[in-house]
Amino acid sequence: GRKGKEQVDLMESFLHGMAIANPSVRFMLRHNKKIVWQHSSGKDIKDSLVSVYGNLTEMVSFSHSSTDNSETKIKGMLTTTGKSSRKPPYFIINKRLVKFKSLAKTVKRLFEGTFPNGAICIALNPSSVDVNVEVDKSAVICKGEAELVALIEKVITEQVLVSKQHNLEV
């Protein structure tokens with residue numbers, strides 16, 4: 001029934017995030033002996049996003065590597081037009097699918113009350129991330145979280161929203 005469909009949808013969403021976090025791993029979801037979704041192993045986030053969203057023509061890729069000693073790297077792809085979502089994009093920190101409330105709030109504000117589809121992948125020095133916040137390790141605490149969110153906001157504003165503005169003007 002409806003409850004079963006909701007459970008399959010939750011599992012599918014979780015597997016989408018895992019495929020984005022681990023592009024080289026093959027994933028398959030079966031329900032009632034039918035394949036609901038599958039991800040053949042790929043080489044990068046772009047391959048995973050294709051298996052999750054299909055066409056990437058409405059997505060803009062972005063990246064940033066810190067020049068200081070923080071080892072911070074940010075990359076991802078977000079939609080700038082078309083479909084929006086009630087759920088935040090997938091957040092991946094050090095190849096771990098996580099909930100990141102402060103970043104979700106910022107992304108929603110940047111995209112004027114909706115969420116873009118896509119993923120934001122963040123690589124941080126492991127010593128600056130605490131994964132022991134919740135039992136299922138789905139939430140993290142980062143040292144310098146406010147600065148990290150501000151940096152991601154700057155990267156999205158300069159690399160993604162500029163593209164969105166350009167598309168509106170064409």
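This is a predicted model: local features need pLDDT of at least 70, side-chain atom pairs count only at pLDDT 80 or more; totals for chains, interfaces and linings use all residues.
Colleague: What radius of gyration does the protein have, against that of a compact globule?
Modeller: Along the principal axes, the C-alpha atoms fill a box of roughly 50 × 45 × 30 Å. For 170 residues, a compact globule would have a radius of gyration near 15 Å. The protein agrees with this, its own value being 16 Å.

Colleague: What share of the contacts between residues at least 6 apart in sequence joins residues at least 24 apart?
Modeller: Buried residues make up 39% of the 170 residues. Of the contacts between residues at least 6 apart in sequence, the share joining residues at least 24 apart is 58%.

Colleague: Are the faces of strand 6 covered or uncovered, and which residues lie on them?
Modeller: In a regular strand, side chains alternate between the two faces of the sheet. Strand 6 spans residues 90-93, and both of its faces are covered. The buried residues are Tyr90 and Ile92 on one side, and on the other Phe91 and Ile93.

Colleague: Which residue of strand 9 is the bridge partner of Tyr90?
Modeller: Strand 9 covers residues 118-123 and pairs with strand 6 in the parallel sense over 4 bridges. Within strand 9, the partner of Tyr90 is Ala119.

Colleague: Which residue of strand 7 stands opposite Ile92?
Modeller: Strand 7, residues 96-98, pairs with strand 6 in the antiparallel sense over 3 bridges. In this pairing, the residue of strand 7 opposite Ile92 is Leu97.

Colleague: Which residue takes a positive phi in the hairpin of strand 6 and strand 7?
Modeller: This hairpin has 2 residues between its strands. The positive phi, near 50 degrees, belongs to Asn94.

Colleague: Is Glu112 buried or exposed?
Modeller: Glu112 lies in the loop between helix 3 (101-110) and strand 8 (115-116). A residue counts as exposed over 50% relative accessible area. Glu112 has 68%, and it is therefore exposed.

Colleague: How far apart in space are Glu112 and Leu10?
Modeller: In sequence, Glu112 and Leu10 are 102 residues apart. From C-alpha to C-alpha, their separation in space is 26 Å.

Note on methods
Residues are numbered from 1 along each chain as its sequence is written. Side-chain values use heavy atoms; hydrogens and water are left out. The radius of gyration is taken over C-alpha atoms; the globule rule is 2.2 Å times the number of residues to the power 0.38. Buried means under 20% relative accessible area, exposed over 50%, partly exposed in between (1.4 Å probe, protein chains only). Contact means heavy atoms within 4.5 Å. Two strands pair if DSSP finds at least two bridges between them.
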